[in-house]
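Please look at the structure below and follow the explanation alongside it.

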Amino acid sequence: MSGKLEGSAIFLVIFMVLFTIQIANATTYNVGDDGGWDIGVSNWPNGKNFKVGDVLVFNYPKNVHSVVIVNKENYDSCTPSGKTLTSGNDKVTLGKGTSYFICGKPTHCQFDQKIAVTAN
């Protein structure tokens, strides 16, 4: 029985080390760079290589914009249905796959205040 416990403990330690290394190598991105999270930002992800654990920072004036985390269908249709962030300095850690973000204010998404980001 103790052999199984030792094997489990070793696996857990290895997992924790690998997870810590992955987080340590994470990059923080300011969405929209100097322009921040604003209308016309949809091409901002182009040419960037996002990794699992990277952090997106959405900077914007409170009450002017918001960030809504949506699925692909709501991204394509600009439907603000999902978790809504409104601090003006929102941070989102990327998981594996494609994440979709839109502004929840009326018409902003239609004017390209939306991004799709794929993390590998």
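## Strands, a disulfide and a histidine

In β4, the residue that Val68 has as its bridge partner is Thr84. Helices (H or I, at least four residues) and strands (E, at least two) are DSSP runs, numbered from the N terminus. This is a predicted model, in which local features need pLDDT of at least 70 and side-chain atom pairs count only at pLDDT 80 or more, while totals for chains, interfaces and linings use all residues. Residues are numbered from 1 along each chain as its sequence is written, and side-chain values use heavy atoms, with hydrogens and water left out.

β3 and β4 pair in the antiparallel sense over three bridges; two strands pair if DSSP finds at least two bridges between them. Strands of a sheet pair through backbone hydrogen bonds, either parallel or antiparallel. Four strands form an open sheet here, in the order β4-β3-β6-β7, with antiparallel pairing. Its edge strands, β4 and β7, each pair on one side only.

Another antiparallel pair is β2 and β5, joined by five bridges. In this pair, Leu56 stands opposite Val92 of β5. In a regular strand the side chains alternate between the two faces of the sheet. Buried means under 20% relative accessible area, exposed over 50%, and partly exposed in between (1.4 Å probe, protein chains only).

Which cysteines does a disulfide join? The two are Cys78 and Cys109, with an S to S distance of 2.1 Å; a disulfide is counted when a pair of cysteine sulfur atoms lies within 2.5 Å. Cys78 lies in the loop between α2 (72-77) and β4 (83-85) and Cys109 in the loop between β6 (97-102) and β7 (114-119), so the pair ties together parts that are 31 residues apart in sequence. Both Cys78 and Cys109 are buried. The sulfur of Cys103 is 8.3 Å from the closest cysteine sulfur, in Cys109, which is too far for a bond.

His65 lies in the loop between β2 (55-59) and β3 (67-70). His65 counts as buried because its relative accessibility is 5%. Its side chain makes a polar contact with the side chain of Asp38 at 3.1 Å, and another of 3.0 Å joins the side chains of His65 and His108. A polar contact is a pair of N or O atoms within 3.5 Å; within protein, one must be able to donate a hydrogen and the other to accept it, and residues adjacent in sequence count only if both atoms are side-chain atoms.
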